[in-house]
Amino acid sequence: MRNMAEIHPTAIVDPTCEIADDVKIGPYCVVGPHVQLDSGCVLHSHVVIGGPSKFGKNNEFFPFCSIGTKTQDLKYAGEPTSLEVGEGNVFREYCNINRSTTPELKTIIGSYNNFLIHSHCGHECHVGDHNIFSGYAACAGHCEVGNWVIVSGCAGVHQFVRIGDHAMVGGYARIVQDVAPYTIVEGSPAAVRAINTIGLTRRGFAEDDIRALKFAYRKLFLYKDTGAKMEDKFAEVLADEKFGSNPHILYLIDFLRASQRGFIH
């Protein structure tokens, strides 16, 4: 541990930690063994960080969040497990993110994510970049969350579920299957409601791309009782002369075809 970091005298920092010179650790924080904090990280107060865990630059930790603590998986037998976090993330009050259960796998959080009050990511979750976990939103273990995803307040995501890029999960939704990229899902049980048009527009998607995704939505999700097999629907979308070769359509269908749990309709 370097001596130049700004560490409040009431904080407890394990001597095995690696802390950049400009890190700020506020009152009553506890930083456990084998934690790495890169430049610009700020722990405001009463933060608990467990290790082994590694954090990139400019992560911000608010009071009472608990990051990198032991997995809640009852199969855990005390092995040295880990958490890796990118840069520029915000962990708000009472947010909780656990390390992995086994040494072979890691819990991985990307960059520029916003974890709001009481949000949770379990063991072996893989979270991409620019996501928002609203208050009390929770992902169980082994979930995969892409980029630019919003998981709204109190939504619950079952273990091993995948959520594609630019999706939005509505408040209080119960998510037990994969969420298609670019869609809005909500309800209990959850259902696809629409393409995330407002979100895509805000992120600079071209009008032609949004029209292509709306076309795919109508073919794949809107008409559920036609009796057509999903693979036939995929083929119909891909065969369309106007939209079938759109790269967002290709990603959408590849994502759905790769689903192991099935996906929300």
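In which loop is W148 found? W148 sits in the loop between β21 (144-145) and β22 (150-151), where strands are DSSP runs of E with at least two residues and helices are runs of H or I with at least four, numbered from the N terminus. The model is predicted, so local features need pLDDT of at least 70 and side-chain atom pairs count only at pLDDT 80 or more, while totals for chains, interfaces and linings use all residues. Residues are numbered from 1 along each chain as its sequence is written, and side-chain values use heavy atoms, leaving out hydrogens and water.

W148 is not a glycine, yet its phi is positive, near 60°. W148 is partly exposed, with a relative accessible area of 34% (buried means under 20%, exposed over 50%, partly exposed in between, with a 1.4 Å probe and protein chains only). H130, in the loop between β18 and β19 (132-133), also has a positive phi, of about 60°, without being a glycine.

Turning to the strands, an open sheet is built from eight of them in the order β3-β6-β9-β12-β15-β18-β21-β24, with parallel pairing; two strands pair if DSSP finds at least two bridges between them. At the edges are β3 (18-19) and β24, each pairing on one side only.

Next comes helix α4 (residues 247-257), whose buried residues are H248, I249, L252, I253, F255 and L256. These residues lie on the same side of α4 because they cover an arc of only 155° around the axis, the arc being that of the directions from the helix axis to the C-beta atoms.
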